[in-house]
Amino acid sequence: MPEWVQGLDVSFSAVTPSWCQARLAEGYRIFVQCLWTGGYANNARLRQIAALNLRVAREAGFITAGYVNTGPWFAPDIAIGEAKLNAGAEWANLGVVFNDVEIPSVKPQMVRDLTAALRAEGKKVALYSADWFAGLAGLPNFGEPYWFARYDGDPDVGHGAPAHPLGPVMGKQYGGATIEGVTVDFNTFNLDFFESEEEPDMTYDSKIVEASKALVHGEFVRATSAGDDVVYEVWRRGDVPYLDRVDDSKAALITAPIKDVPLGVVMAYRSERQIT
């Protein structure tokens, strides 16, 4: 089973050794730094603080990572070139670099191209996005490890699972704040993704995605074998299923068969809607 830990991501704020030590004492393990916004907006600021932030965080004891935005304006070689300049010597210490997907006009092939280019640099790559972008942009499920944003204040990765997953979930961004002058986002991450040289066994893995393909529009399901008695009705929009919870009083009236599905499928594809 994956080990889920807390992490912080920073864009344009500068951190100090004492700040990092205080966050580590609070239980945070992962530090992610913005390295490229997709264009030259705020790039001068990143050139000032990104490398220092990464070094300070790493020396304090954090596992460090970076993120690079896919953009419609610049090719992957420019994006990665600027990211490497911003990370400086710390680029070599980053095992993981996220591909941030949230700029309008980004096309699926652009996402694939930057992902491939980052892997060519020897980096382990996961995608970052959120339903409010992935759904509107009509992005497909790329099958890539996925760090999704849902600002519900709940660090539980299984709560508020993405309606438009871009791949198996390895992280959730659930809120943000300013702590001692540093603007951060709060995250839950699968630690195995950062520590393993191989792709880790995640809660929402390829087997879950494969199992979801058997869900039929209009049928009723629940994770009976896992002891979960909640009934869901399946809705499909293209390749993506949505599991809408059925109110207990209505579920008691269902006469159609209720299919038993893996708990991971329920966690990955349940929506926030409830049928009453």
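A residue counts as exposed when its relative accessible area is over 50%, as buried when that area is under 20%, and as partly exposed in between. Keep that in mind for Glu180: because its relative accessible area is 61%, Glu180 is exposed.

Before going further, a word on confidence. What you're looking at is a predicted model. The protein chain averages a pLDDT of 88, and 87% of the residues score at least 70. Residues 201-205 are another story, with a pLDDT below 50. Still, that stretch has 18 contacts in the model beyond near neighbours in sequence.

Back to Glu180, which sits in the loop between strand E7 (169-179) and strand E8 (182-190). Its phi is positive, about 50°, although Glu180 is not a glycine. Ser105 also has a positive phi, near 80°, and is a residue other than glycine. You'll find Ser105 in the loop between strand E4 (97-100) and helix H4 (108-120).

Here are the two side by side:

| Residue | Phi | Loop between |
|---|---|---|
| Glu180 | about 50° | strand E7 (169-179) and strand E8 (182-190) |

Now for the surface. Which residues form a nonpolar patch there? They are Tyr40, Trp73, Phe74 and Ile78, and together they have about 410 Å² of accessible area. One of them, Phe74, belongs to the loop between strand E3 (63-69) and helix H3 (76-87). Phe74 has a relative accessible area of 30%, so this residue is partly exposed.

Key. Residues numbered from 1 in each chain as written. Predicted model: local features only at pLDDT ≥ 70, side-chain atom pairs only at ≥ 80, totals over all residues. Heavy atoms only, no water. Patch = residues over 30% accessible without salt bridge, like charges linked within 9 Å, V, L, I, M, F, W, Y side chains within 5 Å. Areas by Shrake-Rupley, 256 points an atom, 1.4 Å probe, with all protein chains shown as cover. Salt bridge = Lys/Arg side-chain N within 4 Å of Asp/Glu carboxyl O. Helix = DSSP H or I, 4+ residues; strand = E, 2+ residues; numbered from the N terminus. Buried < 20%, exposed > 50% of the residue type's maximum accessible area, 1.4 Å probe, protein only. pLDDT = per-residue confidence, 0-100. Contact = heavy atoms within 4.5 Å.
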